[in-house]
Amino acid sequence: MASATSYTSLPETKPQIQHIINIPEQIEPLLPDHCCIYKVPHYLLKLNEDAYTPQFISIGPFHSDNSELNQEKQKQRYFSAFWKRLSDRKVQALVQYKAFLEENRENIGNYYSKPELCKEDQFVDKILLDSVFIIELFLRKSNKSEQKNDHMFTTSSICKITQRDLLLLENQLPMFVLEELHKRVFLGDNSNKENHLSFIELAFNYFEDYYPHKLSKKSEMIKNCKSCKHFTDLIRFTYLPREIQVNGVNPSAQFTPCPVEYVPRTATKLNEAGVSFEKVEEGKSYLDIKFINTPILSWFLCLGCFPFLQCFRVRLQIPLLKVDQVTECVLRNLIALEQCHYSDQPFICNYVSLIDSLIHTQEDVELLVDKEVIVHELGSHTELATLVNGLCKHIVVTCNYYGKTTKELNEHYNNRWKYYMGMLKSVYFRDPWRLSSTTVGAAVFLFAVVNFLRVIGVFSPKY
């Protein structure tokens with residue numbers, strides 16, 4: 001006889017979690033709801049740590065303990081100069097501003113991925129000193145007469161490296177903290193010209209070297225910039241397509257899923273298939289990339305070599321990308337921000353991935369440079385290809401702003417007829433010299449055929 005199976009009766013009430021494993025019942029969330037200033041993830045940091053780390057001055061709590069970056073004396077000089085700007089009423093406003101920081105200590109800490117830093121004794125004093133330093137720096141940037149004896153502006157290397165440090169993701173203050181200081185101290189004060197400017201205008205003036213637009217478009221960007229969270233976010237906003245800046249983001253309408261087949265071919269491969277690369281006029285955002293393909297006319301794209309038949313051409317329009325020694329740092333920090341905060345709006349990640357897909361070799365870079373789509377200050381085309389290819393390592397995205405564009409590019413490349421028409425164009429109609437020689441050769445060939453037909457009696461023209 002089989003023995004009866006014994007069962008342990010379950011308790012009538014649900015057991016406590018400590019009965020199973022020794023962990024607390026209430027666990028703080030991984031990140032606060034307001035978090036927007038992050039430590040760069042390790043998998044990105046190890047690719048190029050220098051690109052995410054301040055080189056001259058630290059702002060905010062993440063790097064404040066590094067004595068080499070603190071620049072305490074310089075911040076104190078600027079605080080003293082700022083104090084001298086203030087009337088008695090404005091001094092009281094500054095005192096009240098410090099009280100505001102004390103009251104909002106925890107709220108400010110929740111903007112950082114390490115909110116426990118707000119519990120440090122010197123947290124409020126550091127935020128106050130950094131806030132005043134930034135306001136004073138921006139005021140001097142907007143008034144050239146104040147820059148004469150200031151090494152922060154007269155020494156070009158310090159000026160540029162300070163700008164670079166202030167846009168790093170780990171080196172930020174929440175924007176509302178700075179706006180609050182500017183509003184309390186300068187709102188309604190008409191004594192100085194620079195005080196007429198809003199804080200966002202001062203910020204735009206300071207970072208104007210990093211914008212991919214003409215300065216004539218700056219006023220429009222300022223008007224549309226309503227909710228930037230910090231300076232890294234501000235730089236990202238200037239990169240967004242003009243349509244997005246004006247109308248806002250709608251991820252469900254503007255992004256598509258990104259399967260593997262949505263990766264486009266390289267620039268040289270696309271060029272062989274008849275795709276022409278065109279530089280877009282200045283003033284466009286880097287991200288305003290358009291694929292121009294007239295459905296019927298593109299079947300005869302080789303005719304696009306004639307100046308009066310441009311409508312037959314298949315074109316990929318790309319705004320001019322200027323690459324210098326700081327470009328990698330800027331793009332890496334914008335990518336890190338999107339990976340941490342804008343996973344459903346990866347505009348910069350998608351842009352860099354598209355450029356990375358176009359560039360695999362030195363020949364790809366040479367083609368885009370010849371077409372004036374890219375200009376760079378690096379040592380060689382190979383160095384630029386290496387830089388671009390390295391930017392996309394470990395980037396994870398689930399949607400693509402250029403999904404439709406890359407799909408159309410691949411459909412064009414995979415169409416055998418269009419591909420051969422592109423090859424015909426690239427071999428026989430690439431430039432005026434080949435066009436003229438091809439035309440002469442075709443005429444000679446046609447003349448020889450007609451003569452042959454006349455000799456054998458097949459063709460007897462009547463005069």
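This is a predicted model: local features need pLDDT of at least 70, side-chain atom pairs count only at pLDDT 80 or more; totals for chains, interfaces and linings use all residues.
In general, the strands of a sheet are paired through backbone hydrogen bonds, in either a parallel or an antiparallel manner.

The two strands belong to an open sheet of 3 strands, arranged in the order S2-S4-S3 and mixed in its pairing. Its edges are formed by strand S2 (275-280) and strand S3 (290-292), each of which pairs on one side only. Neighbouring strands of the sheet are turned against each other by 25 degrees on average, when direction is ignored. Helix H20, made up of residues 403-414, packs on this sheet and touches S2, S3 and S4, while its direction makes about 35 degrees with that of S3.

Another packing arrangement brings together helix H4 (residues 88-103) and helix H6 (residues 123-141), whose axes come within 10 Å and cross at roughly 135 degrees. Since angles over 145 degrees would count as roughly antiparallel and those of 65 to 115 as roughly perpendicular, H4 and H6 are therefore oblique to each other. The crossing in which H4 passes H6 is right-handed. On the H4 side the contact is made by Leu-94, Tyr-97, Lys-98, Leu-101 and Glu-102, and on the H6 side by Val-124, Asp-125, Ile-127, Leu-128, Ser-131 and Val-132. Sorted by class, the residues of this contact are 7 nonpolar, 1 polar and 3 charged. As a general point, an α-helix has 3.6 residues a turn, so residues three or four places apart point the same way.

Turning from helices to a loop, one finds Ser-58 between helix H1 (42-45) and helix H2 (67-70). Is this residue buried or exposed? With a relative accessible area of 1%, Ser-58 is buried, because the limit for that class is under 20%. Leaving aside residues up to four places away in sequence, Ser-58 touches His-63, Ser-64, Leu-69, Asn-70, Lys-75, Asp-130 and Asn-171.

Burial can also be followed along helix H19 (residues 381-391), in which the buried residues are Leu-384, Ala-385, Leu-387, Val-388, Gly-390 and Leu-391. The elements that cover these buried residues of H19 include strand S5 (321-323) and strand S6 (374-376), together with helix H16 (327-341), helix H17 (347-358) and helix H18 (362-370).

Conventions: Residues are numbered from 1 along each chain as its sequence is written. Side-chain values use heavy atoms; hydrogens and water are left out. Axes are lines fitted to C-alpha atoms, for helices over the stretch in contact, and angles run from 0 to 180 degrees between N-to-C directions. Helices (H or I, at least four residues) and strands (E, at least two) are DSSP runs, numbered from the N terminus. Angles under 35 degrees count as roughly parallel, over 145 as roughly antiparallel, 65 to 115 as roughly perpendicular and the rest as oblique. A crossing is left-handed if the near helix is turned anticlockwise from the far one by less than a right angle, and right-handed if clockwise. Contact means heavy atoms within 4.5 Å. Ala, Val, Leu, Ile, Met, Phe, Trp, Tyr, Cys and Pro count as nonpolar, Asp, Glu, Lys and Arg as charged, and the others, Gly among them, as polar. Two strands pair if DSSP finds at least two bridges between them. Buried means under 20% relative accessible area, exposed over 50%, partly exposed in between (1.4 Å probe, protein chains only).
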